[in-house]
Amino acid sequence: MKKLYMKQKVLSLNSKFTVKNEAEEDVYRVEGSFLRIPKKFSITNQQQQEVAAVTKKVFSFLPRFFVEVEGQEVLTIKKEFSFFKAKYSIEGHGIEVSGNWWDMNFEVYQNRTCIGSIRQKWFSWGDSYEIEVLDEAMEIILVAIVVAIDCVKADERAAAASTSV
């Protein structure tokens, strides 16, 4: 079992942040496109090689993200229509999520076997997440799922703030 920690910087316009291990060493760097269409998050390793990309579909009624790992599309994450609670579906590699997506407290399963869990850390400056990796072969996919869902949440917060002005 391995734990990773992702912390986004508040008020960062270009969405650059790192994913650290338990020794607080950088493992991945996430960099989001700023004012580019489509919105894309590039995930690079310590050697600055892109290991994954999360791209938001441009013209979609509800948010939809495509996850590529090493140049191959492996997952599609879609927000489902619902009135009360955020619902998402994941297509690809037998991945399912169980738990509370909106509060970012959930487990990720592949073919009914738990491969990791995500927990949002409260009382921190910015969005912080603990990613518990149970299957190291799926580590980058777990990071990409957190990046995609956090992007949806950030977009919804921004939309709510702009309508309340």
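**Labels and cut-offs**

Modeller: Asp26 has 35% relative accessibility and counts as partly exposed. Bear in mind that this is a predicted model.

Colleague: Why is Asp26 called partly exposed?

Modeller: Buried means under 20% and exposed over 50%. Asp26 is at 35%, so the label is partly exposed.

Colleague: What makes Lys20 and Asp26 a salt bridge?

Modeller: Their closest N and O atoms are 2.5 Å apart. The cut-off is within 4 Å, so the pair qualifies. Lys20 is partly exposed, at 29%.

Colleague: What makes Glu107 and Arg119 a salt bridge?

Modeller: The N to O distance is 2.4 Å, against a limit of 4 Å. Glu107 lies in strand 10 and Arg119 in strand 11, so the pair ties together parts twelve residues apart in sequence.

Colleague: Is Glu139 buried or exposed, and how do you know?

Modeller: Glu139 has 5% relative accessibility. Buried means under 20%, so Glu139 is buried.

Colleague: Which residue does Glu139 form a salt bridge with?

Modeller: Lys2, with the closest N and O atoms 2.9 Å apart. Glu139 lies in helix 1 and Lys2 in strand 1, so the bridge ties together parts 137 residues apart in sequence. Lys2 is partly exposed, at 24%.

Colleague: Why is Ile37 called exposed?

Modeller: Its relative accessible area is 72%. Exposed means over 50%, so the label holds. Ile37 sits in the loop between strand 3 and strand 4. With Val58 and Phe59, Ile37 forms a nonpolar surface patch of about 390 Å² accessible area.

Key: Residues numbered from 1 in each chain as written. Predicted model: local features only at pLDDT ≥ 70, side-chain atom pairs only at ≥ 80, totals over all residues. Heavy atoms only, no water. Patch = residues over 30% accessible without salt bridge, like charges linked within 9 Å, V, L, I, M, F, W, Y side chains within 5 Å. Areas by Shrake-Rupley, 256 points an atom, 1.4 Å probe, with all protein chains shown as cover. Salt bridge = Lys/Arg side-chain N within 4 Å of Asp/Glu carboxyl O. Helix = DSSP H or I, 4+ residues; strand = E, 2+ residues; numbered from the N terminus. Buried < 20%, exposed > 50% of the residue type's maximum accessible area, 1.4 Å probe, protein only.
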